[in-house]
Amino acid sequence: MVVCGVIAYVAGGWKTAISASAGGLIAFVPNAFFALRFGFFDPTRSARDIVRAFYVGESMKLVLTGVLFFLAFQFRELEFLPLFSGFIVALGVYWIALLQ
């Protein structure tokens with residue numbers, strides 16, 4: 001996120017950097033929420049409880065992403081192309097990290 005913000009700053013200034021960083025945060029915050037909600041290992045949970053927790057966590061992640069985008073759209077100062085670019089770059093980093 002920081003690298004994306006710095007590149008956006010060099011390319012377009014503060015407004016672009018803040019927009020790209022906000023997009024990165026919109027991707028990071030719901031994923032961190034999901035990891036904290038689902039990531040704790042409890043050996044006493046049944047398979048049904050694990051699957052239910054996964055679906056609830058994923059649903060909450062999608063809702064939180066929608067809410068964060070809604071809040072971002074309320075700020076007229078944000079530029080939408082850098083916002084979506086930061087979001088896509090942050091999600092791309094997760095996929096690349098999975099390949100390692």
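**Helix packing and the pocket**

Reply: Let's start with α1 and α2, which are roughly antiparallel to each other. Keep in mind that this is a predicted model.

Me: Why do α1 and α2 count as roughly antiparallel?

Reply: The axes of α1 (residues 2–12) and α2 come within 7 Å. Angles over 145 degrees count as roughly antiparallel. The two axes cross at roughly 155°, and therefore α1 and α2 are roughly antiparallel.

Me: Which residues of α2 does α1 meet, and what is the handedness of the crossing, left or right?

Reply: From α1, the residues in contact are C4, G5, A8, Y9 and G12. By class, this contact has six nonpolar, four polar and no charged residues. The α2 side consists of W14, T16, A17, A20 and S21, and the crossing is right-handed.

Me: Moving on to α2 and α3, at what angle do they pack?

Reply: Their axes are 9 Å apart, and the crossing is right-handed. By class, the contact has 15 nonpolar, three polar and three charged residues. α2 and α3 are roughly antiparallel, and the packing angle is about 160°.

Me: And how do α3 and α4 run, roughly parallel or roughly antiparallel?

Reply: α3 covers residues 47–74 and α4 covers residues 80–99, with axes that come within 12 Å. α3 passes α4 in a right-handed crossing. The axes cross at roughly 155°, so the two helices are roughly antiparallel.

Me: Which α4 residues meet α3?

Reply: On the α3 side you'll find T65, F69, A72 and F73. Sorted by class, the contact of α3 with α4 has seven nonpolar, one polar and no charged residues. The partners in α4 are F80, L83, F84 and F87.

Me: Now the largest pocket: which helix gives the most to its lining?

Reply: About 240 Å³ of space lies in this pocket. α2 (14–38), α3 and α4 each supply at least two residues of the lining. With five residues, the one that gives the most is α4.

Me: What does that lining look like by class, and which residues are in it?

Reply: The lining divides into eight nonpolar, two polar and two charged residues. T65 and F87, which belong to the contact between α3 and α4, are also among the lining residues.

Key. Residues numbered from 1 in each chain as written. Predicted model: local features only at pLDDT ≥ 70, side-chain atom pairs only at ≥ 80, totals over all residues. Heavy atoms only, no water. Axes fitted to C-alpha atoms, helices over the stretch in contact; angles between N-to-C directions. Helix = DSSP H or I, 4+ residues; strand = E, 2+ residues; numbered from the N terminus. Parallel < 35°, antiparallel > 145°, perpendicular 65-115°, else oblique. Left-handed = near helix turned anticlockwise from the far one by under 90°. Contact = heavy atoms within 4.5 Å. Nonpolar A, V, L, I, M, F, W, Y, C, P; charged D, E, K, R; others polar. 1 Å grid on protein atoms, 1.4 Å probe; cavity = no way out; pocket = protein on both sides within 12 Å on 5 of 7 lines; lining within 4 Å. Points joined across faces, edges and corners; volume = space filled by probe spheres on them.
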